[in-house]
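Here are my notes on this one, written as numbered points. Have the model open while you read.

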Amino acid sequence: MALDSGASAIIFSGPGKSDTELALAVNNADRVTIMLDSFGELQRLERVAGGLGRVVRTGVRVSTAESGIWRKFGTPLETLGEFFEQAVRCRFVQLKGIQFHISWNMNPSNQVLFVMRLGQAIKSLTAQQQDAIEFLDIGGGYWPPRGEWLQPAATPEGIIGSAIGERAGSPLDHRVSRASPLDDFARSVAQAVDDHMPAGKNITLYFEPGRWVCHEAMHILVKVVDRKAADLVITDAGTNAVGWERYESDYFPVINLTRPSLEERECLVAGSLCTPHDLWGYTYFGDDIQPEDVLLIPDQGAYTYSLRQHFIKPLPPVVVMTGPGRPVSNQGSR
């Protein structure tokens, strides 16, 4: 087993790739590996690559679910042998690996269990098919160590009220569940690969810890514009800055940098968009909260920047820092 840093490699994955996207990948075949998502995509890639006269390195994504919405990704595990049979008949597609992805993991148990299933499927392949496998991409879903933070209504015990903004219990009853350290994921998954892949097979492992990498790399600053009540304030920015109604379900601490305190107080902290779903949170940390106060929502690097949108308000500026107090660029609309 080997670990690949992937420093110069691009992994192109996802369902429904267009011919234009496939052609772009083929034209950069020296540094792109395409994760095929279906039998139809295999045939389309063979046609596109053949038209461009280039051979492309690929893997096949296998589905981790036989039912439900997650089966949109990849091919059924039981068709793995058939996929290799079709791929070997292709002149311009070289099938060299297998990918799977399981999201939202607080510990490595889901990845380990699927490695066990995948190992059995690989052992059922022919010797020639097994020999073709050079890498295993064990996708993403590695939760950052601070874990999952949820608003009360998003917990199994929570009940969303009949009116927007009604909550079950106190907003201070949010749940924080710590995640396993990334080292635990690495050790457990590597051991599962050693235990369940064909004996003597030297397989390069790819990992996709995108959420883990970017989660703590970005924070949001907003300013209080209006205090409408002791427990209701409006900020100068809306959740179009993150692109979705994240904070109705996900909890993140709202920290009043102007009046800091370790005490958390109940207050509806809302944005300035014309929608009641424009919320930053139901509490804040601080001694008080008043107009012109600057609020921090930390750890907003995952599922935010790439989803933000022009909706009523312009996109906020993005300040890139190289170190403490040293901004190097200011991007985006003001």
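1. Before going on, a word on what we're looking at. This is a predicted model, where local features need pLDDT of at least 70, side-chain atom pairs count only at pLDDT 80 or more, and totals for chains, interfaces and linings use all residues. Residues are numbered from 1 along each chain as its sequence is written, and side-chain values use heavy atoms, with hydrogens and water left out.

2. Glu 292 is another one to check: not a glycine, yet with a positive phi of about 80°. You'll find Glu 292 in the loop between strand 14 (279-285) and strand 15 (294-297).

3. Now the helices. The axes (lines fitted to C-alpha atoms over the stretch in contact, with angles from 0 to 180 degrees between N-to-C directions) of helix 4 (residues 109-123) and helix 6 (residues 182-196) come within 9 Å and cross at roughly 20°. Helix 4 and helix 6 are therefore roughly parallel, a label for angles under 35 degrees.

4. Who makes that contact (heavy atoms within 4.5 Å)? Helix 4 brings Gln 111, Val 112, Val 115, Met 116, Gly 119 and Lys 123, and helix 6 brings Phe 185, Ser 188, Val 189, Ala 192, Val 193 and His 196. By class, the contact has seven nonpolar, four polar and one charged residue. Here Ala, Val, Leu, Ile, Met, Phe, Trp, Tyr, Cys and Pro count as nonpolar, Asp, Glu, Lys and Arg as charged, and the others, Gly among them, as polar.

5. On to the largest pocket, with a volume of about 650 Å³. Of its 20 lining residues, Met 218, His 219, Pro 317, Val 318 and Val 319 are the closest to its centre. Strand 10 (220-229) and strand 16 (318-321) each give two or more residues to the lining, and strand 16 has the largest share, four residues. The classes are 15 nonpolar, three polar and two charged.

6. For the record, pockets come from a 1 Å grid over the protein atoms alone: a pocket is an open set of points with protein on both sides within 12 Å along at least five of seven lines, and lining residues have an atom within 4 Å of a point. Grid points are joined across faces, edges and corners, and a volume is the space filled by probe spheres set on the points.

How values were computed:
Parallel < 35°, antiparallel > 145°, perpendicular 65-115°, else oblique. Contact = heavy atoms within 4.5 Å. 1 Å grid on protein atoms, 1.4 Å probe; cavity = no way out; pocket = protein on both sides within 12 Å on 5 of 7 lines; lining within 4 Å.
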